[in-house]
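Subject: Structure handover

Hello,

Here is the structure I promised to pass on. Please open it next to this email and follow along.

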Amino acid sequence: MSPWRRSVGELPAAQGSVAECKKAQASLTRVTACFQQLAMCVGGNTDCSRLREELEDTRLKAHHICTGLQGRLTALLTGAELGPEEREEAERLWVLFLSGLDLFLQDLHKTAALQALFPLSQPRDRRALLHTGAAGRTAEVAARAALVQAPWGQGEKEVEPPPDLGAHIAQLERMAQDLLQRVSVPIWSVEATQEAWAEGSLAELDPDDRVTSEELLTVEELSQGAERQAGCCRYPGCRLGWILCLVN
């Protein structure tokens, strides 16, 4: 097959890959934003075992999207036949991905430090939590993260099992270095194509990515029921928690 025919055949596939990476980057931005909001509650008066589970689930979802997006972006920018517009968009996504990784790493480091300072392995550990004045539940934030899906879905099997928090931090640091070494694109040469905060416009979100109030309410009700069943009364001998649950 001639190079011309091959390039013509590869161009639609490359365009589809760029569009897929664009959707994945938008999904990763929403998931990491939810993780940041959840991480801000660690060590405060709203911290609980439920929050720690929500943080873990959100972190693993971000890991799934990060791993797939890194492989696709690297393949596009190092081996694929791209037109000028597709290459420009892929380079812009590469810069956004690197910036998002840096912010996500900061939140992971903060979460690891706070979880070490404020463990919740024993009921008495709650005495050390800080009274920040925060109120409300984190179920809505966790629901938004749970409803975000990668463009390639959950069918892709990961080569390695999901890492714990410490291994995840080390893996993302290696991933950022690998992207910088394998992709020779000067960051300062990439220009923005959107106005500031354009990604946050609800009007531009895909209908499938929007979270309805009914979905949030359903998750909130399930969360409240689980917390009532798995509250502080699950610890044997926790008389204070038993009395508070009766009062509520």
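What follows is a short account of what was found, from the whole chain down to single residues.

Overall picture

Please bear in mind that this is a predicted model. The protein chain has seven helices and zero strands. Read along the sequence, the pattern is α-α-α-α-α-α-α. Of the 248 residues, 37% count as buried. The accessible surface of the chain is about 15300 Å², and carbon and sulfur atoms own 56% of that surface. Take the contacts with a separation of 6 or more: 84% of them join residues 24 or more positions apart.

The core

The largest nonpolar core holds 50 residues. Which of them touch the most other members? They are Leu69, Trp94, Phe97, Leu101 and Leu172. H3 supplies the largest share, with eleven residues.

Trp94 deserves a look of its own. Leaving out residues up to four places away in sequence, Trp94 touches Leu73, Leu77, Leu179, Leu180, Val183, Val185 and Ile187.

Helix H5

H5 runs for 18 residues. From first C-alpha to last, H5 reaches 26 Å, close to the 26 Å expected at 1.5 Å a residue. Its buried residues are Leu165, His168, Ile169, Gln171, Leu172, Met175, Ala176 and Leu179. Seen down the helix axis, these fall within an arc of 165 degrees, so they line one face of H5. Among the elements that cover them are H2 and H3. Turn to the face of H5 that points away from the buried side. There you will find the exposed residues Gly166, Arg174 and Gln181.

Cysteines

How many disulfides does a search of the whole structure find? The count is zero. Cys34 counts as buried because its relative accessibility is 5%, under the 20% cut-off. Cys66 is buried too, with a relative accessibility of 1%.

Start with Thr58, which sits in helix H2. Is Thr58 buried or exposed? Thr58 has a relative accessible area of 3%, so this residue is buried. Setting aside neighbours within four places in sequence, Thr58 is in contact with Val31, Phe35, Leu38 and Ala145.

Next comes Ala150, in the loop between H4 and H5. Ala150 is buried, at 7% relative accessible area. Not counting residues up to four places away in sequence, Ala150 touches His64 and Ile65. Ala150 and Cys21 are 129 residues apart along the chain, yet 9.5 Å separates their C-alpha atoms.

Leu117 is exposed because its relative accessible area is 60%, and the cut-off for exposed is over 50%. Leu117 and Leu129 lie twelve residues apart along the chain, with 9.5 Å between their C-alpha atoms.

That is the handover.

Best wishes

Methods:
Residues numbered from 1 in each chain as written. Predicted model: local features only at pLDDT ≥ 70, side-chain atom pairs only at ≥ 80, totals over all residues. Heavy atoms only, no water. Core = buried A, V, L, I, M, F, W, Y, C linked by side-chain atoms within 4.5 Å. Buried < 20%, exposed > 50% of the residue type's maximum accessible area, 1.4 Å probe, protein only. Helix = DSSP H or I, 4+ residues; strand = E, 2+ residues; numbered from the N terminus. Contact = heavy atoms within 4.5 Å. Disulfide = S-S within 2.5 Å. Expected span 1.5 Å × (residues − 1). Arc of directions from axis to C-beta. Areas by Shrake-Rupley, 256 points an atom, 1.4 Å probe, with all protein chains shown as cover.
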